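The sequence and the model are shown first.

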Amino acid sequence: MIALFINGKSHALALDPSTPLLWVLRDELGLVGTKFGCGKAQCGACTVHVDGQAVRSCQTFLEDIDGAQITTIEAVSEIPIGAAVQQAWLDVDVPQCGYCQAGQIMSATAMLSEVSVPTDADIANYMSGNICRCGTYMRIKKAIKLASKIIEADRQGRD
């Protein structure tokens, strides 16, 4: 039995320990916001947070994350930084086809949790593992910078 805490809810899973997290999310729990892309951890479409770190769920196996806290795109807005990223994505109108956007938002949220005011180089480095076939990279970068400003304004409002 493997225990996971997904989006704040406890789950006890009697599954093969070598099962990829992506299939647990999509097939067992019906959390289909996380997308299947390449299946090789190279495109970033399946990005989720495990204990606050962005990981590729297609290559993250249950045996490696027993007891972990998992956040998916369905709950990222419950994290203030995630809510700011989603608002910026809407304000900038980032998505084109939208398929990669859940993974992009999860990676951007993890980055802004570590680097509150990212440079262009930071954005290129953190987001390099997320591929967008539509080529919305400039809008993604613009949205990340806007999210950084939203987060900073929120912090100043609280001080």
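In this predicted model, 15 residues of domain 1 are in contact with 13 residues of domain 2, contact being heavy atoms within 4.5 Å. The domain assignment places domain 1 at 2–71 and domain 2 at 76–157; such bounds come from an automatic or database domain assignment.

Because the model is predicted, local features need pLDDT of at least 70 and side-chain atom pairs count only at pLDDT 80 or more, while totals for chains, interfaces and linings use all residues. Residues are numbered from 1 along each chain as its sequence is written, and side-chain values use heavy atoms, with hydrogens and water left out.

**Domain interface**

- The C-alpha centres of domain 1 and domain 2 are 21 Å apart.
- About 1100 Å² is buried between domain 1 and domain 2, with carbon and sulfur atoms giving 53% of that area; buried area is the accessible area (1.4 Å probe) that two parts lose on being put together, summed over both.
- Six residue pairs are in polar contact across the interface of domain 1 and domain 2, both residues at pLDDT 80 or more. A polar contact is a pair of N or O atoms within 3.5 Å; within protein, one must be able to donate a hydrogen and the other to accept it, and residues adjacent in sequence count only if both atoms are side-chain atoms.
- On the side of domain 1 that touches domain 2, strand 3 (47–50) and strand 4 (53–56) each supply at least two residues. Helices (H or I, at least four residues) and strands (E, at least two) are DSSP runs, numbered from the N terminus.

**Glu74**

- Glu74 sits in the loop between strand 5 (69–71) and helix 2 (80–92).
- Its relative accessible area of 35% makes Glu74 partly exposed (buried is under 20%, exposed over 50%, partly exposed in between; 1.4 Å probe, protein chains only).
- Leaving out residues up to four places away in sequence, Glu74 touches Asn7, Leu31, Val32, Gly33 and Thr34.
- The Glu74 side chain reaches the backbone nitrogen of Val32 at 3.4 Å and makes a polar contact with the side chain of Thr72 at 2.6 Å.
- Between Glu74 and Leu112 there are 18 Å in space, C-alpha to C-alpha, and the two are 38 residues apart in sequence.

**Ser148**

- Ser148 belongs to helix 5 (residues 137–158).
- With a relative accessible area of 6%, Ser148 is buried.
- Ser148 touches Leu112, Ser116, Val117 and Pro118, not counting residues up to four places away in sequence.
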